[in-house]
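Hello,

Here is the structure for your files. My notes on it follow below.

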Amino acid sequence: MSGQPPGESTNISRRVMLGMLGSGMAGIVLGSRVQDLLGRLPGPFGGSGDRFYSSLVPGRARFRIYSVSDTFPDRSARDYRLDVTGLVARPLRLSLDDLHSLPATRLERDFQCVTGWRVRDVPWAGLRVAELLDRAGVRPEARAIRFRSFDGVYTESLTLEQARRPDVLVAYGMEGAPLSRAHGGPARLYVAPMYGYKSLKWLESIEVTDHVELGYWERQDYDVDAWVGRSNTRPGDHPT
Ligand SMILES: Nc1nc2c(c(=O)[nH]1)N[C@H]1C(S)=C(S)[C@@H](COP(=O)(O)O)O[C@H]1N2
Ligand SMILES: [Mo]
């Protein structure tokens with residue numbers, strides 16, 4: 001596994017920063033891989049072709065921001081809805097206020113991408129996926145959960161057993177603040193024991209199903225059970 005050494009984000013070109021500030025993505029600062037990435041970035045970064053943004057956030061400067069979609073999705077806190085559908089007794093449609101009114105969970109855990117970068121001890125706030133499943137009433141034939149993003153592209157799955165773990169959250173807060181748009185706000189999945197690709201951003205729906213369906217990266221050969229340290233034994237190198 002190759003990774004960025006921590007603190008490698010210091011080499012930021014001023015021209016790039018100014019460009020970013022004018023681009024509507026102010027606040028996201030590209031790191032030292034910027035030269036490699038610029039040519040592949042869409043839209044405001046002047047590149048074309050490949051479909052992702054990748055960058056480092058200032059401050060901690062260790063997260064990279066990923067989106068495999070052409071867009072950087074935007075949904076206001078007011079308009080946000082999360083659907084819980086499929087093999088349930090009571091389908092739910094929840095606003096962000098609804099999510100906040102349910103029993104909250106806080107976790108402080110590492111966030112680790114399969115490509116090697118890791119952010120230690122990230123404080124997350126949200127609620128357990130299990131809480132939502134219990135409220136919706138999972139039918140006996142259910143085996144798995146399919147998650148969809150309002151980016152219209154990214155999907156993920158967990159077994160029902162995995163989704164019921166106490167360290168699997170619908171996260172609406174991170175590092176003491178509302179979850180930012182860049183990190184998948186208003187709400188994303190956070191699957192603490194698995195690699196970052198399981199933690200789907202811009203979460204739109206939770207569908208209870210009778211089988212596990214491969215997610216976005218899993219259709220491109222990543223392990224569907226993405227336990228940190230126990231899966232993806234080949235070095236990870238997904239491009240986002
Ligand atoms: N919708 C969506 N969710 C996603 C991704 C993505 O491209 N789109 N990338 C995944 C990967 S590979 C990682 S490592 C994390 C990165 O989270 P971050 O962008 O908040 O750092 O998001 C995961 N969830
Ligand atoms: Mo990742």
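**Cavity and ligand**

Domain 1 (14-67) and domain 2 (81-220) each contribute residues to the lining of the largest cavity, so the cavity lies between them; the domain bounds come from an automatic or database domain assignment. This is a predicted model, in which local features need pLDDT of at least 70, side-chain atom pairs count only at pLDDT 80 or more, and totals for chains, interfaces and linings use all residues. Residues are numbered from 1 along each chain as its sequence is written, chains are lettered from A and ligands numbered from 1 in the order in which they are written, and side-chain values use heavy atoms, with hydrogens and water left out.

A cavity here is a set of points, on a 1 Å grid over the protein atoms alone, where a 1.4 Å probe fits but cannot get out; lining residues have an atom within 4 Å of a point. The lining of the largest cavity has 23 residues, with Tyr66, Tyr154, Arg188, Gly196 and Lys201 nearest its centre.

Ligand 1 sits in the largest cavity (more than half of its atoms lie within 2 Å of the grid points). Around ligand 1 there are 22 residues, the closest being Arg64, Asp151, His183, Arg188 and Lys201 (near means a heavy atom within 4 Å).

- Asp151 places a polar side-chain atom 2.9 Å from a nitrogen atom of ligand 1.
- Ser199 has a backbone N or O atom 3.0 Å from a nitrogen atom of ligand 1.
- Val68 has a polar backbone atom 3.0 Å from an oxygen atom of ligand 1.

Regards

Conventions. Polar contact = N/O pair within 3.5 Å; in protein donor to acceptor, adjacent residues only side chain to side chain. 1 Å grid on protein atoms, 1.4 Å probe; cavity = no way out; pocket = protein on both sides within 12 Å on 5 of 7 lines; lining within 4 Å.
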